[in-house]
Amino acid sequence: MKGLRGLLRATAWAAAVLLAGCLGSVPPVEQYLRVDAVELSCDRPVSEGRDQAQGVVAFMDLTALDNLDRPAVLVASGNVLAPSTQWYWEGSPQAVMTGIVTRMVNCLPGVAGVMKYRPRVEHQAVLGGSVTAFNVQRAGGTRFVAAVRLEVWT
């Protein structure tokens, strides 16, 4: 009986030491990454684009694949994507790419974009799609990789 109590005390003491070591570590500092669209030669106001446009495109929010729909930066090493514990995106991949695609479409000549699709707003086409890649690739030097599959409905 005495030996069993001593074994239980020793086990409890070892568990307490292990837990104290795990719980006492400092987590990594969070850092946020911002993805800026490449500067385009078009900086026209949206109202100006609508006045001169022959076609109006309504935008549906882009979706993202389930594995990409997270704030953590995915780091690719070969074919394996692992979420970072230190780096986070400033916005969700679908929100970032929706903003970039909207800006690029609004810069097309003769086209004006209407944010957020509404059936009652007059438009000639609806643009939607999904983000299929949004990660940092380490092979061959660090680089950002993004891919979007767009669908246009008229």
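**Figure 1. Contacts across the chain in the predicted model.** Take the contacts between residues at least 6 apart in sequence: 69% of them join residues at least 24 apart. This is a predicted model, and the protein chain averages a pLDDT of 78, with 77% of the residues scoring at least 70. Of the 154 residues, 29% count as buried.

**Figure 2. The run of helices and strands.** The protein chain has three helices and eight strands. Start at the N terminus and you'll read them off as α-β-α-β-β-β-β-α-β-β-β.

**Figure 3. The largest nonpolar core.** There are 20 residues in this core, and the ones touching the most other members are Val57, Met97, Val105, Leu127, Val131 and Phe134.

**Figure 4. A closer look at Val57.** Valine 57 is one of the core residues that touch the most other members. Setting aside residues up to four places away in sequence, valine 57 touches Val105 and Leu127, and the list goes on with Val111, Ala112, Gly113, Val114 and Ala125. Val105 and Leu127 also turn up among the core residues with the most touches to other members.

**Figure 5. The one cavity and its lining.** The count comes to one cavity of 30 Å³ or more, and the volume of the largest cavity is about 30 Å³. Who lines this cavity? The residues are Phe59, Met60, Leu62, Thr98, Val101, Thr102 and Leu127. Helix H3 (residues 93-106) supplies the largest share of the lining, three residues. Sort the lining by class and you get five nonpolar residues, two polar and no charged ones. Leu127 links this view to the core: besides lining the cavity, Leu127 is among the core residues that touch the most other members.

Figure 6. Is serine 130 buried or exposed? Its relative accessibility is 7%, under the 20% cut-off, so serine 130 counts as buried. Leave out the neighbours within four places in sequence, and serine 130 is in contact with Leu62, Thr63, Ala147, Val148 and Arg149. Of these partners, Leu62 is also found in the lining of the largest cavity.

Definitions and conventions: Residues numbered from 1 in each chain as written. Predicted model: local features only at pLDDT ≥ 70, side-chain atom pairs only at ≥ 80, totals over all residues. Heavy atoms only, no water. 1 Å grid on protein atoms, 1.4 Å probe; cavity = no way out; pocket = protein on both sides within 12 Å on 5 of 7 lines; lining within 4 Å. Points joined across faces, edges and corners; volume = space filled by probe spheres on them. Helix = DSSP H or I, 4+ residues; strand = E, 2+ residues; numbered from the N terminus. Nonpolar A, V, L, I, M, F, W, Y, C, P; charged D, E, K, R; others polar. Core = buried A, V, L, I, M, F, W, Y, C linked by side-chain atoms within 4.5 Å. Buried < 20%, exposed > 50% of the residue type's maximum accessible area, 1.4 Å probe, protein only. Contact = heavy atoms within 4.5 Å. pLDDT = per-residue confidence, 0-100.
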